[in-house]
Amino acid sequence: MTEFTGVKPSEFDAMAGKHTEAARRLEELAQALHSELQSAGLHTSPAARLRQLAGRVTTQAEDLRRRQKLVHELQRQKVTFGMSTAAGSFLEMPDGLEAAKGLLDGTLAGRAALNAAEGDAKALAELKKYATRTGDAEFVKAFLGTLGAQGVTRLPGSLAARLRDAGTHGDSDRLAQLSGQGKDALRMLSAALARGTDPKNPAYVGAEFLKDLVREGRAQQKAGDTKYTGYQAQALIWRAHDGKPPYSKEFMEAVGRDVIVYEYEQRKDEWAASKDLLGRMFAGAQVPVVDLAGALGLGTMLRPGTHAGNPGARASSLVDDLFQAAKSSREASHALLDQTPAGWKESVLHYLLTTRWGASRYLGDYAPFNDLLVTATTGRDETSQKLAAEMMKTVADEVRPAFGKGESGNLEIKNRETFDRFAPLSYPLARAIAANIDQVSKLLLNHAVFHQVAATDMAYALALATSHDAGFEALVRAQTEHMRAALDTVPPVGLNASNAERFGFTKADVKAFDFDGDGRVDKADIKQFLTDRTVDEARSFSHIVEIRRQVLIAQGLDDKKADESLKTMVSNAIGLLPVPGAKQVGELAAGAFGKLITTEYDKLTGAAYDEIAKQVAQQMSEHRRGLDETYRTLADNRLAVERLAEQMLATTMLNKGLLDDTNMNDRTFATGTPLTIKPFAEMSPQEYSDFLEWVRKKGGGSDVFDRFSGTFRRTSEVDDYLGLEIRSGGGK
């Protein structure tokens, strides 16, 4: 807490008065002295120095008067921290004026919140005046200190009870007013609670407050005739969170983890009964513990960001509300998911994906959990990757029984109920795989494992992930970035021992790349290395795209239609840019890439593939050139990916100097003297197509592209992993 100074109120008043009087007298003396010195013809500098002293004393006096005013207001509002000693009674006064203002306003806001919890309508309106103060640490500490964990819990409980009463009596005006004021109050309370329970925040109120929240959360509460548990009321605060600032990992460790365990304890017997045939007849669906708005039939009337809604709208569970609070921070999401509670045989993540999944489906409130999964599994840190792998393995095991081989030899959905059961997880699963897209190639090429995930597990995880349109797009974008990064490892023409370090390579690399052993990496060496990398990446692309095609077939959809997102990627030539941080080696490359290679883009070096893909997509959408018109004739996703591959191969060959000595006479994309390549941003679609044709015919790109296409269209690996009988060429 901010340092305090102890003062006796009467002496403080006297000191403020004497400073004010001294300042006035010094100013008068300075004026008189100046007049006397000037009349005597003497230098007036002594008067100037005295006036400076008067100014300093005046400033001090003004500061003391502001403090005096705050002291009087603190006393009037009984916002004081006093102490009695042998020398008399003292008042503890914050050293900073802003701290004192925060103490005053935070206390008044806390009192207004307590009064609002007692049903005071004016107090609820009064509370809104302080909504902008939640960024002030002293305000938050005083606010939460006045409320206490009990007050934090009681306020949303009271709001919900009063809303139900207004609805019961058909008072629409009161209902609308309470809904609006209630949302504002909950949003303010959530922001304050996030700051006050974060040890890294200056507003932190201590670990004991977190323990009090847990105690109040598990306790039975009452507002009028309405009885509820504290967590049901606190959940309304979590649901109101907008992510700024995020809740801390300490909050999730203390409160969040207990909420997960609490709901399980409350529902485990009912959920166990609902899983057998007899239980389903009598116990019914897997019902979660709903928050207080759900228990009272208030729908979304206390949920910021939504309309008042219908009181009979579907509820939200307290666990889903917790996900809303946790999803804004990777640290918080990890604290919630990466642990196994005492006495449990499964991790929290596994529990949420299996044991509790029926409760999530009961309410259909998937967004908070899906957002939480995306936050928790798309980082490049060890915990994110561990959680991503656990998610892939768990979902693959659960969804595997949904698929089988149809009479045509293609994939078929044998158990639609199982497929539909886990379909809501398809997008976060796709994002988790996209963030770890490098693992797909490692599983396929090196027969590795990703934690507990094997290649077959990945195939079934992809079967669900690629069923989601946006998920499939994320996977293709990530694999595009992975291929561009792989192609960037190709050495430049002319690499040798003397220039290796300048180009970011070692002498050992030169030996590895120099296939003919002449001491210099020439075009033949590079094409061999480029072909090897291309074949490797084609296998991963084949896996993703063929599984997508099979899932479309299994769903009875048109597998020959190209996804619009992939058409847009091809049209925007998203494979055009080299990987961030790539060195420009080819003489023609710098002019061709022009301003598309920017400092901001290169800052992405080392980021996750899905994050790079997102940023590249944004750049290309802003570019809006539409270089490749052939997307209009694309018939399926294979053609789209092959077009992307052609773009990436052309980019690599240009960047690595393979095209520098190639004749460009009579080419529409060539300009200047000597001839060079136009910047891509200035090319027309026709000029860009001419460039691609030139790379294929003159640069030797056709051979490399044919190797990509042949590998890409070979689907036998997918056949093996999914147990299918796909004819060569993808069954076309």
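Hi everyone, let's start at a strand pair: Q220 stands opposite T229 in β5. Before I go on, this is a predicted model, where local features need pLDDT of at least 70, side-chain atom pairs count only at pLDDT 80 or more, and totals for chains, interfaces and linings use all residues. Residues are numbered from 1 along each chain as its sequence is written, and side-chain values use heavy atoms, with hydrogens and water left out.

β4 (residues 220-223) runs antiparallel to β5 (residues 226-229), with four bridges between them; pairing takes at least two bridges found by DSSP. Helices (H or I, at least four residues) and strands (E, at least two) are DSSP runs, numbered from the N terminus. A223 has T226 as its bridge partner in β5. Two residues sit between the strands, and G224 has a positive phi near 65°. In a regular strand, side chains alternate between the two faces of the sheet. In β4, Q221 and A223 make up the covered face, while Q220 and K222 are on the uncovered one.

Now the core. A nonpolar core means buried Ala, Val, Leu, Ile, Met, Phe, Trp, Tyr and Cys residues joined through side-chain atoms within 4.5 Å, and buried means under 20% relative accessible area, with exposed over 50% and partly exposed in between (1.4 Å probe, protein chains only). The largest one has 198 residues, and F143, W238 and F691 have the most contacts inside it. Helix α5 (residues 137-168) gives the largest share, 14 residues. Leaving out residues up to four places away in sequence, F691 touches A650, L654, F669, I677, F680 and M683; contact here is heavy atoms within 4.5 Å.

Next, a histidine I like. Is H241 buried or exposed? H241 is buried, at a relative accessible area of 3%, although it is found in the loop between α8 (230-239) and α9 (249-274). Its neighbours, not counting residues up to four places away in sequence, include S190, Y247 and Q324.

Finally, which residues lie nearest the centre of the second largest pocket? They are R431, A474, D610, E611 and K614, out of 15 lining residues. Helices α19 (426-435), α22 (469-488) and α28 (609-623) each supply at least two residues of that lining. For pockets, a 1 Å grid is laid over the protein atoms alone; a pocket is an open set of points where a 1.4 Å probe fits, with protein on both sides within 12 Å along at least five of seven lines, and lining residues have an atom within 4 Å of a point.
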